[in-house]
4 protein chains.
Amino acid sequence: MSKGTVVLAYSGGLDTSCILVWLKEQGYDVITFLANIGQDEDFKAAQKKAESLGAKKVFIEDLRSEFVEDFIWPTVQANAVYEDRYLLGTAVARPCIGRRQVEIARREGAQFVSHGATGKGNDQIRFELTCYALYPEVKVSFMDANLMHISSCFNSHAPADLYQMTKNPEDSPNAPDVLEIEFRNGVPVKVTNEKEGKSKDSPLEIFSYLNEIGGNHGVGRIDIVENRFIGMKSRGIYETPGGTILLKAHLDIETFTMDKEVRRIKQGLGIKFSELVYNGFWYSPECDFVRHCIAKSQDNVEGKVQLSVFKGQVYILGRESPKSLYNEELVSMDVQGDYDPCDASGFIRINAVSARVWHRRKATW
Amino acid sequence: MSKGTVVLAYSGGLDTSCILVWLKEQGYDVITFLANIGQDEDFKAAQKKAESLGAKKVFIEDLRSEFVEDFIWPTVQANAVYEDRYLLGTAVARPCIGRRQVEIARREGAQFVSHGATGKGNDQIRFELTCYALYPEVKVSFMDANLMHISSCFNSHAPADLYQMTKNPEDSPNAPDVLEIEFRNGVPVKVTNEKEGKSKDSPLEIFSYLNEIGGNHGVGRIDIVENRFIGMKSRGIYETPGGTILLKAHLDIETFTMDKEVRRIKQGLGIKFSELVYNGFWYSPECDFVRHCIAKSQDNVEGKVQLSVFKGQVYILGRESPKSLYNEELVSMDVQGDYDPCDASGFIRINAVSARVWHRRKATW
Amino acid sequence: MSKGTVVLAYSGGLDTSCILVWLKEQGYDVITFLANIGQDEDFKAAQKKAESLGAKKVFIEDLRSEFVEDFIWPTVQANAVYEDRYLLGTAVARPCIGRRQVEIARREGAQFVSHGATGKGNDQIRFELTCYALYPEVKVSFMDANLMHISSCFNSHAPADLYQMTKNPEDSPNAPDVLEIEFRNGVPVKVTNEKEGKSKDSPLEIFSYLNEIGGNHGVGRIDIVENRFIGMKSRGIYETPGGTILLKAHLDIETFTMDKEVRRIKQGLGIKFSELVYNGFWYSPECDFVRHCIAKSQDNVEGKVQLSVFKGQVYILGRESPKSLYNEELVSMDVQGDYDPCDASGFIRINAVSARVWHRRKATW
Amino acid sequence: MSKGTVVLAYSGGLDTSCILVWLKEQGYDVITFLANIGQDEDFKAAQKKAESLGAKKVFIEDLRSEFVEDFIWPTVQANAVYEDRYLLGTAVARPCIGRRQVEIARREGAQFVSHGATGKGNDQIRFELTCYALYPEVKVSFMDANLMHISSCFNSHAPADLYQMTKNPEDSPNAPDVLEIEFRNGVPVKVTNEKEGKSKDSPLEIFSYLNEIGGNHGVGRIDIVENRFIGMKSRGIYETPGGTILLKAHLDIETFTMDKEVRRIKQGLGIKFSELVYNGFWYSPECDFVRHCIAKSQDNVEGKVQLSVFKGQVYILGRESPKSLYNEELVSMDVQGDYDPCDASGFIRINAVSARVWHRRKATW
């Protein structure tokens with residue numbers, strides 16, 4: 001008699017195949033789930049392998065569009081960067097994959113979900129927090145000790161080439177690509193490469209195209225030491241070509257169209273969002289709240305950014321927007337508009353009041 | 001009879017020459033002051049011109065070392081970036097120049113200080129706030145209206161070449177330079193270019209060398225729209241080659257040696273510092289306080305960062321430190337040390353408590 | 001011929017009467033505007049006086065309901081307290097009064113608005129920022145210098161009794177009043193005094209009743225030194241009896257129904273909101289944004305709070321809510337629910353990771 | 001043969017006596033430790049009981065002075081209030097007690113420390129985090145499961161009277177006490193009750209006296225629902241009479257002597273400090289850093305505050321300080337000093353720039 005049903009996040013690799021076999025031996029029915037979020041994978045081979053190892057059902061699902069729209073786009077709106085450098089590529093994949101896995105578990109009446117992300121990594125946390133939040137009754141923890149044991153029989157080989165999406169900038173093209181990205185509500189709605197006569201306008205196509213262009217020019221490689229949620233430092237090597245282009249373009253159009261002080265408050269919320277997502281709290285009430293606030297801030301973040309991509313760098317060339325708060329007349333010296341230069345003197349003197357009091361007092365102490 | 005003495009920040013250019021003449025005509029004694037903070041300037045010619053236009057005294061002072069040590073180094077410690085992009089190059093020059101100008105004014109018994117930074121710019125604010133703070137009795141405002149009038153007779157010609165310190169990355173060398181920067185207390189104490197057999201260890205030399213290398217590789221160019229203190233947006237085109245290299249290197253060694261939560265708090269203070277410096281409040285009590293706190297956070301920020309500079313980019317290659325909090329044993333899978341994988345499960349479940357409660361409740365509303 | 005029309009915020013007192021006369025003498029048509037926001041004032045007498053002094057039109061408008069609903073309620077939602085102590089009573093009145101004044105000015109085709117809040121006070125700033133925001137073309141500044149002169153001919157007499165709304169707690173009743181306040185979306189929708197058999201359920205009645213009860217028990221008096229926007233410290237003596245009761249009750253029901261981490265983020269936004277409102281930025285884009293975010297956080301802030309009011313104090317007695325996130329079963333020792341005590345040990349050990357690393361390393365330096 | 005030595009935080013009560021016996025039965029040598037931090041306890045009786053139950057050594061130590069100086073004073077400097085209401089009384093006791101317990105464990109060569117603070121409480125976390133930080137090799141976790149079992153045989157009786165330190169305000173004296181508290185570096189150095197002719201000037205005496213006066217007037221009772229670190233809400237009933245008086249007095253003298261913007265930054269650090277202390281992170285690197293910054297902010301927080309205590313309330317009557325930044329001349333209308341009223345108009349207009357642009361643009365969308 002079955003001990004119950006487990007939905008296993010299955011990659012087709014050795015580790016999760018091993019888990020599959022072990023779970024069956026323990027008396028569980030195993031449903032495997034493999035999400036396509038754009039990774040380079042032989043999905044057919046994985047399907048066959050899962051079936052041959054005795055999976056009761058095999059789900060392989062294309063989540064690419066919802067990954068871009070529901071997870072990457074909010075990250076772009078937030079200018080999300082963890083610890084000033086990491087663009088959260090893998091961190092946003094987990095809640096996307098976990099959400100579907102939990103849906104399958106509920107639908108199939110599975111009481112257990114399982115995954116191969118063991119050890120000290122952030123991925124375990126992100127996966128499990130997602131499952132507990134969206135399926136509070138689920139059990140995910142029962143396997144850890146054993147999994148540790150199992151996985152210890154495999155040696156993890158370092159990949160032959162660490163970077164898979166991006167060319168080495170030294171080998172990248174000697175001429176830039178020039179793109180125009182159009183934003184509405186803080187998310188890209190169109191990307192155009194005039195010279196190549198190409199243009200994309202669905203979320204998945206836009207993001208894939210930016211990954212392609214960015215990757216070709218070696219954009220978005222970083223080698224950092226980061227602080228994991230569990231308080232350890234660890235080295236991370238990441239490449240996010242499309243994300244890097246979007247971050248720079250979004251920062252540009254956002255500052256162009258958003259009020260200064262709204263920007264300051266929103267910047268703080270973006271840092272908070274990055275920490276929450278990094279730590280695995282996508283489905284927490286606080287992340288929900290922060291996402292709502294950030295989305296609200298994007299109401300008028302709209303317009304076009306021109307940029308060039310070259311040798312690992314993204315250069316902003318210009319921007320235009322119907323919602324711009326940039327007021328050329330106001331900035332120009334000759335046309336005064338609301339601005340009276342005498343006001344600046346008063347403004348400065350009032351701003352100096354407390355420093356003057358302070359320095360005067362200090363001199364007497 | 002003289003109406004009093006004015007210390008004028010004099011550049012040798014048309015605008016400030018015009019002010020000099022006008023001040024003399026109004027009956028003031030004029031002392032000119034020209035600071036050398038590393039800009040490309042013919043100081044001798046400026047001296048002669050000031051004298052020929054009737055300056056009572058002419059001060060030309062080399063502030064380069066104190067500029068690097070007292071102003072740029074704290075900015076490096078802070079990872080100071082205004083609005084996520086601007087590295088504050090000119091913003092930190094003003095309090096340096098203003099400090100000396102005020103010293104001269106006090107010493108020479110001048111009641112007035114003057115400058116050519118009129119109009120809507122941040123420079124006027126930064127200069128005047130500095131003067132009011134350090135010399136509360138000084139008068140700086142009396143000339144604005146007239147200056148506006150005067151300056152209106154000059155047309156401002158756009159410079160032939162906008163970028164002066166940095167090569168166009170398309171024209172920069174096809175091979176990277178590899179540097180090692182050593183930090184102590186969060187400031188660079190040595191830079192080494194192994195291949196070229198060069199090494200620098202005084203603040204001014206270090207910074208100049210990084211400007212040279214970064215400039216040669218086209219590092220640190222940005223074209224942004226920023227929010228000025230006075231609430232307008234304006235376009236800024238900046239190049240900070242040395243600053244960009246230092247920012248990346250400092251971020252790296254800092255994350256390597258600083259506790260995670262200290263880093264989070266310090267990150268917030270760094271953003272605050274950037275805003276204060278951008279807005280001209282270097283000498284305010286709050287900036288003083290923030291600088292103190294940031295400096296304290298740098299106690300253990302010490303070690304060496306290896307990096308390469310190429311085609312406008314800075315790539316971190318590695319780092320080492322006697323004060324590292326990176327614990328290889330702890331991160332490794334095999335040696336457990338303090339870390340028990342079972343703890344992670346408990347950690348995750350406790351972290352999931354509130355999201356579970358929330359999602360359960362939501363389902364019933 | 002008239003120089004134009006001025007809408008003057010008129011109180012019926014000497015200062016603004018003097019301004020009225022002076023404006024007429026200068027050749028302006030003057031429309032007076034007096035807002036009833038609940039203050040103790042003889043509105044009829046003010047009307048007659050304005051007419052007798054030559055006002056072209058006299059507007060006296062009852063803004064009490066919109067004051068409570070549009071301005072005080074958002075302040076309650078925010079738990080707004082400036083510098084940890086001041087409940088912003090007068091600060092929220094200004095944008096309410098100014099909004100209507102500007103409406104009248106637009107409707108009557110007046111190019112000018114005027115007020116008697118001169119000098120170094122925050123009220124001038126709050127009033128003028130409101131006018132500029134809602135009527136960007138308006139002129140408000142032209143009178144300042146003269147007003148200073150005018151007002152210098154009046155001596156300001158200190159009021160006989162500083163406190164007008166609240167009894168001295170030493171003279172207040174020797175038995176408490178017990179109230180129940182019901183909240184929905186973070187604002188009070190009903191207040192009940194069981195013992196007195198009274199209950200109020202319109203915003204204006206609720207707030208007036210709380211002012212009455214609080215005032216009778218001497219609640220909400222403070223004597224503080226605060227930091228004005230313009231950088232000076234000044235002494236303020238305030239009484240906000242109803243506001244104090246609402247702050248305590250709202251804090252209670254909010255913590256009862258709001259997720260912990262949402263609360264933390266919202267606390268920061270509430271502090272920001274307080275500063276913005278204190279400084280006069282009610283109609284700024286950032287205050288608009290912050291109000292939106294705070295309102296969103298109040299979605300589930302719903303329930304009833306029981307409290308007693310006695311001798312200047314408000315004591316919370318209990319609370320109940322259909323949206324409570326307080327989980328008695330989870331807190332109880334006997335029923336475990338999701339909570340396994342072993343998890344706490346893992347949670348603690350993981351939380352100790354970085355402090356252990358740090359203390360170990362420190363011991364070696 | 002002994003399994004090792006345990007230092008047990010022993011209260012003399014049933015729970016910890018039970019643990020003592022159980023530990024001995026399991027084969028451990030037990031050293032008991034009882035800290036006197038001012039609680040009402042029969043220390044002699046506890047000593048005898050521990051000895052009679054077989055404790056190998058019994059330590060009873062008076063930590064009252066170091067509790068006040070090392071733990072309460074920094075909390076006063078921080079204006080520490082958790083979730084806007086809880087003054088952290090018990091939260092600061094744990095790191096004080098734990099520090100000594102760990103010292104004893106190290107000195108006595110004990111590998112284990114133990115305590116009776118089991119279950120879902122914050123105290124377990126605070127105690128264990130302290131032990132792990134200060135004695136990284138220590139073992140504290142091994143007993144939890146068993147302890148749960150043991151403690152389940154005792155019924156916890158609710159105390160007859162919940163409040164032990166404070167009178168019911170309804171029964172408190174009908175006349176106020178008036179005190180003057182003198183601060184230096186943000187901590188009290190003297191308290192005077194003129195009327196009673198009493199004055200205290202050692203930390204322990206000052207704090208004890210304020211507890212006595214405050215308790216007699218029913219000051220500092222709260223009944224709240226708070227968010228525990230582990231994500232549950234729980235009800236807490238607290239009384240902190242002396243702490244409440246000090247909070248109000250310190251807020252007053254701090255705002256009087258501290259620059260406005262320093263205060264804002266420090267307020268944020270104080271909130272951070274409160275969260276860290278509540279959660280048990282007193283000995284973390286980040287709490288160390290925050291304490292350092294807060295202490296720095298107190299350099300000039302010096303002066304005397306007069307206040308009255310009556311019926312549960314603390315009223316500030318006045319303050320004076322040689323380091324005051326309150327500038328009577330500046331605030332007064334007649335003497336202008338640095339302040340020119342025309343400056344205010346310019347200040348306001350510049351502050352209105354962005355709101356005007358925003359409202360104008362909005363009107364066109």
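Start with A:Arg319 and B:Asp223: their side chains meet in a salt bridge, 3.5 Å from N to O. By salt bridge I mean a side-chain nitrogen of Lys or Arg within 4 Å of a carboxyl oxygen of Asp or Glu. Across the interface of chain B and chain A, the rule finds 10 salt bridges.

Quick housekeeping. This is a predicted model, so local features need pLDDT of at least 70 and side-chain atom pairs count only at pLDDT 80 or more, while totals for chains, interfaces and linings use all residues. Residues are numbered from 1 along each chain as its sequence is written, chains are lettered from A and ligands numbered from 1 in the order in which they are written, and side-chain values use heavy atoms, with hydrogens and water left out.

Back to chains A and B. Here 86 residues of chain B are in contact with 85 residues of chain A, contact being heavy atoms within 4.5 Å. The area buried between chain B and chain A is about 7,700 Å², with 59% of that from carbon and sulfur atoms; that's the accessible area (1.4 Å probe) that two parts lose on being put together, summed over both.

What about chain A and chain C? There, 21 residues of chain A are in contact with 21 residues of chain C. Chain A and chain C bury about 2,000 Å² between them, and carbon and sulfur atoms carry 77% of it. The salt bridge count between chain A and chain C is 0.

Last stop, the largest cavity: how much space lies in it? About 1,500 Å³. A cavity, on a 1 Å grid over the protein atoms alone, is a set of points where a 1.4 Å probe fits but cannot get out, and lining residues have an atom within 4 Å of a point. The volume is the space filled by probe spheres set on the points, which are joined across faces, edges and corners. This largest cavity is lined by 32 residues, and the closest to its centre are A:Gly268, B:Gly268, B:Leu269, C:Gly268 and D:Gly268. By class, the lining has 12 nonpolar, 8 polar and 12 charged residues. For those classes, Ala, Val, Leu, Ile, Met, Phe, Trp, Tyr, Cys and Pro count as nonpolar, Asp, Glu, Lys and Arg as charged, and the others, Gly among them, as polar.

That's me done, thanks.

Key:
1 Å grid on protein atoms, 1.4 Å probe; cavity = no way out; pocket = protein on both sides within 12 Å on 5 of 7 lines; lining within 4 Å.
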